[in-house]
Amino acid sequence: MLEPFDFGFMQRAMIAATLVGGVTAAVGVFVILRRLAYIGHGLAHSIFGGAVVSFTLGINFFLGASIWGAFSVFLINQAARRRQIGGDAAIGIITTAAFAIGIAVISRARSFTRDFEAALFGEILGITNQDLYVTAGMVLLIAVVLFLLWKPLVFITFDQDVATAYGIPVRWVEAIFSLALAATVVAALQVLGVTLIAAALVIPPVVARLMTDSFPRLFAIAVLIGAFTGFLGVYISWFADVSSGATIVLVQAAVFVLTLAWGVLGSRRGRNAARRAERLAGLERSLTE
Amino acid sequence: MATVRVGELVRLDGVALGYDGEVALRDVNLQISPGELIGIVGPSGCGKTTLLRSLLGETEVYAGDSSVADNTRVGYVPQVETVDWNFPITVEQVALLGSWRTRRWLPWTSRAERSRARVVLSQLGIADLADRPIRALSGGEQQRTFLARALVRSPDLLLLDEPTSGVDIKTRHEILHQLAALNHAGVTVVLTTHDLNGVASHLPRLIALGEQTVLADGPPSEVLQPAILERAYGQPMLVVQSGNETYVLPVPEEAPGAHEEPPARPNVVNVIRRPDADDA
């Protein structure tokens, strides 16, 4: 059972997956409550383009992908402000165009195909100590941003109009959050790959949403689920001998299904109990009359 | 930039305002003094919310001057229809959003903030709902929750957008009673309403909007006049006065082909009640 812990690459993978799982869930809480799940998916594809260009130009992956992601976010925000376009269309256009740039570069430089596959599907077992330090640094930075912007972010997420009226600099907060989201996607790219990031952003917060109606509690539960399923996914992948990114998402999906089933059974039990109570009350009334 | 004069809270001089380059209201002249209770009336889309939001500084001003007195704390209660009622947040957490500026860089709230929120919730009679999720609230409780968020900031000027829409008569009465109590305590209250009979006619000052401007500004007896209301709503209105009560009713359109005659009298009906009317 403890075999995976004997290997350095597995230790690094489990630490990275735990950190990335927690931070994607934390950012994902704001993403799902603002109904922006699509932006996570789009940004992952957009940043893939940045990763490809970074490889080709020999720039550090984290640096290149982060700049690319920040630029995509800036373009999305600018385009979405135009009434005729709208947020979803802006995301669709800019992120697929950025992704297409990556594909175009790949088709010109076929020798990099394997690295690009790693970006698409994740290659957590190849994480070096340096990668781990950079990932931990990015996670810490995102956590600090969320800590400092907690109150304005919650206010804007819940009620943007009134947040503006109460003096919150909504555009600034949104811009900083978008950059934090781009950084999250970059940090998660190596662990999960482009194709699976959206699931890690969405599933833990949705599971937490099924469990509570309190925002702080929802946030805490989502982060715990994200971190734990990240760790568990890598651990199980050792024994199942399948891709770690896919296993993480499958574990999260299993937690979602179990929570949903528990909720359905719970509400059925609640309804049955209410019916029983109603029948007993009726019986009591008929006996006393 | 106009400056408010002594004894004024808000001043708008010949203001044209709107959003994204589109003028919604023009030639708006308005002065609000501390302690007033004002209703803004007019048909849907006439600019009631825009005028309210201009007092928050959230609209674009294209002409004229507008100003609010320095250090005025403004509380705002939006239309409940605009709120996401499935958002995972409790009544107390909503109220605490109002004090976000206090220790703004820390995610948690202080004991003083929480006790202030509890006091406000108690004043509004919803302290026992503090831990309840907002999706489980009735219409009146929803309004009070958002009123609590505004009151947590101890506002000098309280702006409410349709505070009585979607609530029953009893709740409407309670909300108006609470707003009147706040007003007596010195809070300046400005609200928008569609309800001319149940709300507007009971307020001391009304501002009627229509034709993209302010059509009338004064007590209900001056503003709720057939000519003003017809201009505002684009339809003849019947104003019935019974004692201190004023009722506004739309004049039914005549059936096609019906004989048209000019009205012999203006559309104001004075109902004189017999002294023994209540005993009947």
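A nonpolar core is a set of buried Ala, Val, Leu, Ile, Met, Phe, Trp, Tyr and Cys residues joined through C-beta atoms within 7 Å. A residue is buried if 20 or more other C-beta atoms lie within 10 Å of its own, exposed if 12 or fewer, and partly exposed in between, with C-beta atoms placed from the backbone. The legends below describe a predicted model, in which local features need pLDDT of at least 70 and side-chain atom pairs count only at pLDDT 80 or more, while totals for chains, interfaces and linings use all residues. Residues are numbered from 1 along each chain as its sequence is written, and chains are lettered from A and ligands numbered from 1 in the order in which they are written.

**Figure 1. The largest nonpolar core.** This core has 161 residues, and those that touch the most other members are A:A17, A:I47, A:V185, A:V186, A:I197, A:A200 and A:A222. Helix α1 of chain A supplies the largest share, 15 residues. Beyond its neighbours within four places in sequence, A:I197 is in contact (C-beta atoms, placed from the backbone, within 7 Å) with A:G40, A:A44, A:V185, A:A188 and A:L192.

Figure 2. Chain A contains 12 helices and 0 strands; here helices are DSSP runs of H or I with at least four residues, strands are runs of E with at least two, and both are numbered from the N terminus. Of the 289 residues of chain A, 46% count as buried. The C-alpha trace of this chain spans about 90 × 55 × 35 Å along its principal axes. Among its contacts between residues at least 6 apart in sequence, 73% join residues at least 24 apart. Helix α1 of chain A covers residues 8-33, and its end C-alpha atoms are 38 Å apart, in agreement with the 38 Å that its 26 residues should span at 1.5 Å a residue. That expected span is 1.5 Å times one less than the number of residues. A kink of about 30° is centred on A:V27; the bend at a residue is the angle between axes fitted to the seven residues ending there and the seven starting there. In α1(A), 21 of the 26 residues are buried. Just after this helix, A:R35 takes a positive phi of about 55°.

**Figure 3. Helix α7 of chain A and the contact with chain B.** Helix α7(A), residues 150-158, is mostly covered, with 8 of its 9 residues buried. Its buried residues include A:L153, A:F155 and A:F158. They pack against α1, α8, α9 and α11 of chain A together with α2 of chain B. Between the two chains, 21 residues of chain A are in contact with 18 residues of chain B. On the side of chain A that touches chain B, two or more residues come from each of α6, α7, α8 and α11, and the largest share, 5 residues, comes from α7(A).

**Figure 4. The open sheet of chain B.** Six strands lie in the order β5-β6-β7-β3-β8-β9, and their pairing is mixed. Two strands pair if DSSP finds at least two bridges between them. Strands β5(B) and β9(B) stand at the edges, each with a single partner strand, so one side of each is left without a neighbour in the sheet. Strands β6(B) and β7(B) pair in the parallel sense over 5 bridges, and B:L159 has B:V190 as its bridge partner. Helix α4(B), residues 139-151, lies across β5 and β6 of chain B and runs at about 165° to β5(B). Axes are lines fitted to C-alpha atoms, for helices over the stretch in contact, and angles run from 0 to 180 degrees between N-to-C directions.

**Figure 5. Strand β8 of chain B and its partners.** Strand β8(B) has 5 of its 6 residues buried, so it is largely enclosed by the rest of the structure. It runs parallel to β3(B), to which 4 bridges join it, and B:G39 stands opposite B:L206. With β9(B) it pairs in the antiparallel sense over 5 bridges. These two strands form a hairpin with 2 residues between them, and B:E211 in the turn has a positive phi of about 50°.

**Figure 6. The hairpin of β10 and β11 in chain B.** Strands β10(B) and β11(B) pair in the antiparallel sense over 6 bridges. B:L238 stands opposite B:L249. The hairpin has 2 residues between the strands, and B:G243 takes a positive phi near 60°.
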